[in-house]
Each structure stands twice: as structure tokens, then as C-alpha cells.
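This briefing sets out selected features of one protein model, grouped by topic. Please read it alongside the sequence and the coordinates shown here.

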Amino acid sequence: MRAPRKKRGQRTAAPVISARLNERVTLVSQPDGAIVAAFDGYAVELGRFSASLAKRVQPLRTGLPINSLASSRNAVDRELALLVRRLAKSGLLEYRLAPLRSDKDLVIIEPQMADYWPQAAKLAATDTVVLSRFAYLRRRGTDMVLESPRSAALFRIADPNVAATIAVLSTPHKIGRLRREQGFAGLALLGLLLDCQILFKLDAKHERLRWAEGDAGLAVWDFHDLLFHTHSTEGRHATPVGGSYPHIGLIPPPPAVRARWNGPEIDLQKFTAEFEETASPFARLLRERHSTRDFDEEHPITLQELAKLLDHAVRVQWKWTSPLDFGDGSVGPDIDYTRRPYPSAGSAYELELYLSVSHCDGLERGFYFYDAERHTLVAIDARAHEIEAQLVAAQFAMDAPMRPQILITIAARFDRVAWKYSAIAYSLILKDVGVLLQTLYLTATDLGLGGCAIGTGNIDLFARMTGQAFHVEGPVGQFALGRGASVGDSG
Ligand SMILES: Cc1cc2nc3c(=O)[nH]c(=O)nc-3n(C[C@H](O)[C@H](O)[C@H](O)COP(=O)(O)O)c2cc1C
């Protein structure tokens with residue numbers, strides 16, 4: 001891509017960041033002073049404001065410079081700043097970076113996380129920056145977008161010079177030198193990209209870029225694995241998640257059972273006809289297993305039953321250490337292993353259970369870690385509204401009449417698997433989750449309890465509850481647990 005030449009003496013105004021309403025959003029002022037944001041058939045009330053504010057919100061359609069919000073000189077200014085913050089919190093704003101009074105945008109920033117607010121990180125001429133290995137450019141519809149699973153926002157590229165600057169930044173560059181490049185897209189843009197971790201600063205001595213970005217927990221991630229993790233969960237992107245039937249009307253529903261293969265058939269019926277007479281207790285347990293979404297509020301699960309479930313399904317049976325054997329006679333460092341009731345890829349046992357307890361006889365409402373080696377529950381000081389948010393999300397995912405009595409979040413210690421496996425680490429973790437889910441289902445059935453796997457989970461919420469970085473240990477599955485409301489509830 002060639003950047004257009006600048007005419008001698010031509011100076012462009014420095015670009016500024018403006019906030020504007022997402023094009024799907026309309027602001028409606030109500031007679032009682034309430035301002036409501038309306039979009040896609042939804043309405044979000046943003047609070048009550050003075051009549052004078054209604055006239056000041058007009059620029060939000062085209063773009064209101066955000067630095068003008070910082071200098072709140074009078075009450076209406078302060079109201080405007082508050083309204084803009086509330087719109088931002090609800091994900092109803094986007095931000096344009098463009099020279100003042102110009103309609104030529106450089107980029108449009110689309111927040112991907114609720115707490116995103118555009119801030120250009122400080123850069124000095126002597127700083128060296130480089131593109132994150134997690135950043136990528138792609139076509140989305142008819143837009144070119146710059147994204148990263150580490151970033152709280154995505155950047156819609158509106159000027160080819162921006163793409164050219166990004167391409168240049170695949171190699172580390174000193175800011176001072178970059179500024180002299182033809183078509184340089186500007187310091188404000190670089191500051192915004194740095195703030196979103198699409199760029200990162202390098203120290204004077206930077207041998208290997210992979211190790212220079214982030215911590216050891218980040219270094220173990222492959223690009224596609226981190227992208228898959230953040231985009232197949234909730235919390236770090238703004239795309240709708242779940243059963244939205246996006247291809248209805250375009251593609252007919254695929255069948256429940258595969259179309260038959262043409263070929264000679266061997267009938268197995270005669271070997272399996274008498275299930276009732278011959279089936280083992282295990283075969284019966286498999287047939288009995290089903291998802292339970294409706295729980296008995298009068299007789300909740302007890303702490304004793306929970307302890308048994310964890311003992312039977314998850315507890316460490318024993319532990320040993322052996323040196324890493326490369327198979328060619330050479331050995332590596334000593335590695336710890338454990339034996340547990342369910343299988344795990346590479347014997348990694350990277351999965352950890354966190355329990356959001358709503359209603360359990362003998363156990364206080366709260367958030368707990370299950371220590372599978374010591375067979376103990378460790379209380380974690382999470383905020384009540386965060387525990388409630390997890391339980392409500394689980395209830396919603398199950399379309400259930402009440403919160404689960406206990407919500408088990410299965411979190412992965414990603415480095416335990418990624419330290420060994422290239423390219424397949426995340427897929428192995430998801431396979432381990434499937435194995436553990438079935439183990440929890442069967443154990444719950446065996447104990448007369450009920451449960452249901454849940455396909456979604458908010459990785460940002462969990463990060464806030466545990467104080468752990470999303471790439472170090474995070475949710476990869478969930479299981480709602482309790483005593484079923486009635487025998488035979490199949491949800
Ligand atoms: C990986 C996985 C994710 C699931 N996610 C959900 C979910 O989010 N909400 C829900 O109500 N059921 C969920 N289920 C349960 C399935 O809907 C259920 O297993 C399926 O309908 C078959 O019914 P059964 O489990 O009663 O035999 C999930 C099951 C699995 C294995």
C-alpha cells in the first residue's frame with residue numbers, strides 16, 4: 001500500500017479523539033427529564049438530566065471531542081460528561097480519531113469491553129515500539145479491522161496510511177524515526193494502540209520478541225489459541241454469543257442423524273436386545289444421566305453431598321514426580337504428576353474447580369476454590385454482586401426458573417498444557433473439559449443429584465473475581481449443580 005505524498009508546506013491538524021453514538025443507537029429525551037438510549041428494540045435508561053442537556057447531546061451523533069469533557073466548567077458540562085460515561089459503560093459509543101473539523105477519519109474505535117475508555121499512552125521519541133504478535137488485520141464486511149485478543153477495543157481502519165504504519169511496525173521502530181516515515185499516521189494513534197496492547201514498548205535489549213511481550217503466562221500462548229479462547233467465551237469481545245440461529249432461512253437445519261452410507265450393513269440388534277436383563281450398573285447410570293435445570297429449593301444439596309461428589313469425581317488420588325524423558329535417552333526437568341478419577345491429556349490435570357454457592361445446606365453463600373489435593377474448600381473474597389452475576393448468567397444460559405444451587409466454574413491453568421504442547425494446547429484443554437463434564441454428570445446422577453453443563457462463561461468477570469490475568473487461569477467450562485426439583489426432570 002503506497003502512502004500519498006504530502007505537498008511541501010502542507011500541515012494537517014493533529015487528530016483528536018471524539019465519542020459518538022453507535023449508529024444503531026438513538027437518544028430519546030422523556031418529559032420527566034430521563035434520557036433513554038434506544039437500539040434494536042431495547043431501551044437503556046441513562047438517568048435524569050436537566051432540560052438544557054437535551055440541546056448539548058446533538059454532537060454525539062457526529063463526534064464530541066473527549067478532551068472537551070474533562071474540562072467540566074458548569075453543571076451542564078458535568079451532566080454531559082456523566083451521560084457520555086454512562087453511554088460508554090453500556091457499550092453504546094464508538095470513538096473516531098480524525099483531525100479536528102475534518103470528516104476524514106483515521107480510525108474508528110469499537111469498544112469490546114464494557115470498561116474501555118480511549119486513552120493515548122505516552123510515547124517519547126526515544127521509545128521503541130513493535131506490533132503485538134496477537135494483533136491481526138482482517139476484512140469484516142466491507143471494513144478492514146485491526147484486532148487483538150489482548151485488546152479492549154478494535155480499530156476500524158479508515159485511512160490506508162494507518163495500515164501502512166501498522167505494516168511497518170512488524171519490526172521494532174524508534175518513535176523518533178517512525179515520525180519521519182512518509183504518511184506516518186500520528187502519535188495519538190500509536191498511543192491508543194499501545195494502550196490496547198496492540199503495540200508494546202521494548203527495552204533497550206530485546207532479543208526475542210515473544211519473550212519481550214507480557215509475562216511467562218502470555219509467552220506460552222499460541223496466537224490462534226488465545227484468539228479462540230477470547231472469542232469463544234464472553235467478556236472480551238462485543239459479538240453476540242450463543243444460540244442466535246444466524247443461518248436460519250439461508251441453510252436448512254442439518255439432520256439429527258447422519259444420512260446413511262451406502263454399503264453392506266451388519267445388524268447389531270441381536271447382541272443387545274435384552275438391556276433390562278443384562279445391563280451393568282454403569283450402563284444403567286449412563287441411561288439415567290440427563291440435564292437438570294430445575295432445582296429443589298426446599299431441599300438443597302448438602303455440604304456432605306458436595307464433598308462426596310468432589311471426592312468421587314475430581315479429588316487427587318496420589319501424586320508423583322518423574323524427570324521429563326525426551327525418548328532419546330536425554331532427560332529434562334522433574335515434572336509433577338497426579339492420579340485423578342477422570343483422564344487428562346498428557347496427564348496435565350490443568351483444570352481447577354471454583355464454586356459459586358447460592359444455596360447449599362451447611363455451606364455459606366460465597367465463592368470457593370476446591371483444592372483437589374487437600375480435599376478442602378478455600379473461601380475467596382469475591383464481591384456479592386459478582387457471584388450473583390455468575391449465577392444469573394447461568395440461570396439465563398439454562399433458561400431455568402431459578403439460580404443453580406452451586407455453579408461450578410472449570411478454569412484452566414493454561415501454562416500447564418501450553419508449556420508442553422504447541423498448536424493443540426487449547427483444543428486439548430477443551431477436550432479435557434468435555435471429559436470432566438461427563439464425569440460430573442455421572443457422579444451427580446450416581447449421588448441422586450442433578451446438573452447441567454453450560455456452554456458460555458464470562459472470562460472477564462472471573463478475572464475480576466479471582467484477581468488473575470485472563471491469560472493465566474480462566475474459565476473454559478461451567479456446570480450447574482443441585483438437587484433436582486423432581487425425578488425425571490429433563491429440562
Ligand atoms: C458442552 C455442553 C454445553 C452445554 N451448554 C448448555 C447450556 O448453556 N444451557 C443448557 O441449558 N444446556 C446446556 N447443555 C446441556 C445440553 O443441552 C444437554 O446435554 C442436551 O440437551 C441433551 O440432554 P440431556 O443432557 O438431558 O441428555 C450443554 C451440554 C454440553 C455437553
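Gly-448, which comes just after helix H16, takes a positive phi of about 75°. The model under discussion is predicted.

**Helix H16**

- Helix H16 covers residues 425-446, and its 22 residues should span 32 Å at 1.5 Å a residue. The C-alpha atoms at its ends are 32 Å apart, which agrees with that expectation.
- Buried positions in H16 include Ala-425, Tyr-426, Ile-429 and Asp-432. Further along the helix, Leu-436, Leu-437, Leu-440 and Tyr-441 are buried as well, as are Thr-443, Ala-444 and Thr-445.

- Three strands form an open sheet in the order S2-S3-S4, and their pairing is antiparallel.
- Strand S2 (26-29) and strand S4 (42-48) each have a single partner strand and stand at the edges, so one side of each is left without a neighbour in the sheet.
- On average, neighbouring strands of this sheet are turned by 25° against each other, direction ignored.
- Strand S3 (residues 34-39) runs antiparallel to S4 and is joined to it by five bridges. Within this pairing, Ala-37 has Val-44 in S4 as its bridge partner.
- Helix H3 (residues 75-89) lies across S3 and S4, and it runs at about 150° to S4.

**Strand S1 and its partners**

- Strand S1 (residues 15-21) is mostly covered, since five of its seven residues are buried.
- S1 and strand S6 (residues 93-99) run antiparallel and are joined by seven bridges. Ile-17 stands opposite Leu-97 in S6.
- S1 also pairs with strand S5 (residues 64-65) in the antiparallel sense, over two bridges. In this case Ala-19 stands opposite Leu-64 in S5.

**Val-378**

- Val-378 belongs to strand S18 (residues 376-380).
- With 11 other C-beta atoms within 10 Å, Val-378 is exposed, because a residue counts as exposed at 12 or fewer.
- Leaving aside residues up to four places away in sequence, Val-378 touches Tyr-368, Phe-369 and Asp-371.
- Phe-367 is eleven residues from Val-378 in sequence, and their C-alpha atoms are 8.5 Å apart in space.

**Pro-240**

- Pro-240 is located in the loop between helix H9 (223-231) and helix H10 (269-272).
- This proline is exposed, with 9 other C-beta atoms within 10 Å.
- Pro-240 and Arg-20 are separated by 220 residues in sequence and by 21 Å in space, C-alpha to C-alpha.

Definitions and conventions. Residues are numbered from 1 along each chain as its sequence is written. This is a predicted model: local features need pLDDT of at least 70, side-chain atom pairs count only at pLDDT 80 or more; totals for chains, interfaces and linings use all residues. Two strands pair if DSSP finds at least two bridges between them. Helices (H or I, at least four residues) and strands (E, at least two) are DSSP runs, numbered from the N terminus. Axes are lines fitted to C-alpha atoms, for helices over the stretch in contact, and angles run from 0 to 180 degrees between N-to-C directions. Two residues are in contact if their C-beta atoms, placed from the backbone, lie within 7 Å. A residue is buried if 20 or more other C-beta atoms lie within 10 Å of its own, exposed if 12 or fewer, and partly exposed in between; C-beta atoms are placed from the backbone. The expected span of a helix is 1.5 Å times one less than its number of residues.
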